[in-house]
Number of protein chains: 2
Amino acid sequence: MGAEPRSRQETLALRKQLIGSSCKLFFPEDPVKIISAKGQYMYDENGNKYLDCINNVAQVGHCHSEVIRAAHQQNLALNTNSRYLHDNLVDYAQRLSNTLPKKLCTFYFLNSGSEANDLALRLARQYTKHEDILVVDHAYHGHLTSLIDISPYKFRNLEGQKEWVHVAPLPDTYRGLYREDNKDPATAYANEVKKIIDQAQQKGRKFAAFFVESLPSVAGQIIPPPGYFQKAAKHIHSAGGVFIADEIQVGFGRVGKHFWAFQLQGEDFIPDIITMGKPIGNGHPVSCVATTKEIAEAFSATGVEYFNTFGGNPVSCAIGIAVLDVIEKEQLQLHALQVGSFLMELLNQQKAKHPLIGDVRGVGLFIGVDLVQDQEKRTPATEEAAIIVTRLKEEFIMLATDGPGRNVLKFKPPLCFNAEDAKLVADKLDKILTELEKREA
Amino acid sequence: MGAEPRSRQETLALRKQLIGSSCKLFFPEDPVKIISAKGQYMYDENGNKYLDCINNVAQVGHCHSEVIRAAHQQNLALNTNSRYLHDNLVDYAQRLSNTLPKKLCTFYFLNSGSEANDLALRLARQYTKHEDILVVDHAYHGHLTSLIDISPYKFRNLEGQKEWVHVAPLPDTYRGLYREDNKDPATAYANEVKKIIDQAQQKGRKFAAFFVESLPSVAGQIIPPPGYFQKAAKHIHSAGGVFIADEIQVGFGRVGKHFWAFQLQGEDFIPDIITMGKPIGNGHPVSCVATTKEIAEAFSATGVEYFNTFGGNPVSCAIGIAVLDVIEKEQLQLHALQVGSFLMELLNQQKAKHPLIGDVRGVGLFIGVDLVQDQEKRTPATEEAAIIVTRLKEEFIMLATDGPGRNVLKFKPPLCFNAEDAKLVADKLDKILTELEKREA
């Protein structure tokens, strides 16, 4: 704010003093101070340029001029709540509806993926009049009380599992219950869903929803076998529940072939509710829930108003529209498909060369590199993954790990990430893996 | 977005088609389309100028140039998550800590008041290892699952009261249990808190928190008697719980005499947790929780990370800092005190003149006018209140009602609201009340 910028050490000291320590830093021992960013690059206080392979919020690239211009123009005119009529709200809803199956025609706007997932829960419960929620193992759906409860990734370390929460096996064909050698893993995993529903129903439980990320992310960049959602949807529908697809991390063109990740399951699959967050405002706090007329009507039938102070304000909607414009104009979905395929190719070349890489999986610019200590046993190479990420940081590349074993390198860069960037990160990975193998030899 | 603006009817039709009908409009029969705003004024598509008496989000005035400039400058440089070090985050926390008692020294940043209240719940429960929450009647704390549960204003119309929720009488000295004729209403209402705690404890319940707005707003612009919080805090502390002051609607200088509304209770009162929202970003989605070192440490002792994707990003923090700057530079707290006192004076003149006004109460620019059918019985004049608000809209003044009887006119304008605006609304109110009385005579 005009004053002399603080040194990194001073900023760190103030952060430790003032900010709750549950809010973690990347590389807590030696955190990075970022002061500016553009496209897929971030810059620290010394002018070092980092390649950002992980920020799936800055979807169309950090500080995109069109998005910033839209925000500024609308900020100059009006920013108020949605109790007044405004064109941006309906224009944005209309634009989103153009990307979705006709059935998903009613919209709610909010400020974060967590708010969206919480509203999805409320919609499902109001519509079904049931309480129970089925999730997949290692899932993470947000930081709110209601979402910690449905996130095995979190609740296992906190209060534990509530009686209304049920956990199905993660449909992971690399290290899950049914693997690449299974003839029909979609059916096998869907049968697990059915089994859990049946068992719970026998105890008198009633299901409101199957709540699942279209591509489970913190669970380790998982690509569920196509057809799994259709079969699981059939089972949850039979139990009177709805299917909620969490697209917060993976929607908006990231998967390349489609605009929405749930569409990877097949043309015939349509969820009952989808939730959107992270990328939709390119960093601005905005999120959305889309659902069917029937579910929306059941929700409003209570007569109770849903009011979200900032949700659907003209600035958030202007930004959302600008993000959609940029994705279209710059053909970022196609770009994600092409660069993602190229990066997969490069990573598969590394896999052929380095025994530490057990699996390379992904679609578009959502890719996981599963590191193993042993190709047969697929033991997670947790320590090696941490070393690689730290070494990459020293090479000015931002990458992170995920998965229950923290051994999956996750790529989810801004969609403007290009072939040259892909080449750079693959080369650096090659170099570091070679170093590691030499050290271990 | 460059296209011909839609007609109001067209916008309304699209809204009905695309937006969940639980999201209500002001004046649903004849809603207002607002296309721009400046200071305390809003403009519709025909250029009509409305005086805004209710937007407590646009705290320093709609579209304030300094706030917009801060947003734009930071948007041009960087908007990313708080896993990297950034000065804005620590600067903002430091600025907020300067407004607070030393004890409240740890900060969490989020995107909405609802997110803040949910985190406050999590903090209280983690710290106390208890579950139960005590609230006051008619309270509203937000739209999330966990907050509907602690909001009698909402849960009474939905699933009802959870076994872990306890409701104390609203400390309303005009139409509550203990009134202006009670010698010590603070103690009388605090004893009710004690009674409820005692009864619940006898059933084995354990309290995590007393959760209360510093000035209950949707409950009808209530001013709790000074000293009530101290005494209630003693009781909740004895039960092992903490005191959470919800400042979302009422903080940031609105009450005039103090920066925070809880300070109206007396110099000796400090909550254990306070939550902030609505006004802090002047419309930008930002919110905050401030708490003690001990509570923050208990929360992080679980080892579980708290990550909020957009929370504490450099843009939200830059905006937050700019809002604090404007409040200081323009002396808006003092202004709220002066204009608020003047408006109270004018409204009390109306009270002397019109039997429909039963009570005028308020501090700074947080004022309620309680309309009654009968001065003795204090029967809420619900219908008259609705007529007045509609008539005021025809006079281009935006006012709204609140309270369980929807009979309390609530004033909570942007803080730049001035003496001339106060005069205008008092005159219009006089005119409309006179009309109403003639009609009823």
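**Buried, exposed and in between**

Guide: Let us start with Cys63(B), which has a relative accessible area of 8% and is therefore buried. Please keep in mind that this is a predicted model.

Visitor: Why is Cys63(B) called buried?
Guide: Buried means under 20% relative accessible area. The value for Cys63(B) is 8%, so the word applies. You will find Cys63(B) in the loop between β3 (49-52) and α2 of chain B.

Visitor: What makes the phi of Cys63(B) worth a remark?
Guide: Most residues other than glycine have a negative phi. Cys63(B) is not a glycine, yet its phi is positive, near 50°. Lys129(B) is another non-glycine residue with a positive phi, about 60°.

Visitor: Is Lys129(B) buried or exposed, and how do you know?
Guide: Exposed means over 50% relative accessible area. Lys129(B) has 63%, so it counts as exposed. Its place is the loop between α4 (113-128) and β5 (132-136) of chain B.

Visitor: Why is Ile223(A) called partly exposed?
Guide: Ile223(A) has a relative accessible area of 25%, so that is its class. It sits in the loop between β7 (207-213) and α8 (228-238) of chain A. Beyond its neighbours within four places in sequence, Ile223(A) has contacts that include Pro171(A), Leu215(A) and Phe366(A).

**A covered helix and a core**

Visitor: What makes helix α3 of chain B mostly covered?
Guide: Here we count residues: nine of the eleven in α3 (residues 87-97) of chain B are buried. Among them are Asp87(B), Tyr92(B) and Ser97(B). The cover includes α1 (8-18) of chain A, along with α2, β4 (106-110), β9 (273-276), β10 (287-291) and α10 of chain B.

Visitor: Which residues have the most contacts inside the largest nonpolar core?
Guide: They are Phe107(A), Met276(A), Phe107(B) and Met276(B), in a core of 273 residues. In soluble globular proteins, nonpolar side chains tend to be buried together. Take Phe107(B): leaving out residues up to four places away in sequence, it touches Leu18(A), Ile19(A) and Gly20(A) as well as residues of chain B, including Leu96(B) and Met276(B).

Visitor: How do you know that the chains have the relation of a two-fold axis?
Guide: Chain B can be laid on chain A with an RMSD of 0.0 Å by a turn of 180° and a shift of 0.0 Å along the axis. That is the relation of a two-fold axis.

Visitor: Why do you say that the copies meet through the same surface?
Guide: Because 100% of the interface residues of chain B are also interface residues in chain A.

Visitor: What makes up the lining of the largest cavity, in polar, nonpolar and charged residues?
Guide: The lining has 19 polar and 15 nonpolar residues, and no charged ones.

Definitions and conventions
Residues numbered from 1 in each chain as written. Chains lettered and ligands numbered in written order. Predicted model: local features only at pLDDT ≥ 70, side-chain atom pairs only at ≥ 80, totals over all residues. Heavy atoms only, no water. Least-squares fit on C-alpha atoms with pLDDT ≥ 70 in both. Contact = heavy atoms within 4.5 Å. Nonpolar A, V, L, I, M, F, W, Y, C, P; charged D, E, K, R; others polar. Core = buried A, V, L, I, M, F, W, Y, C linked by side-chain atoms within 4.5 Å. Buried < 20%, exposed > 50% of the residue type's maximum accessible area, 1.4 Å probe, protein only. Helix = DSSP H or I, 4+ residues; strand = E, 2+ residues; numbered from the N terminus.
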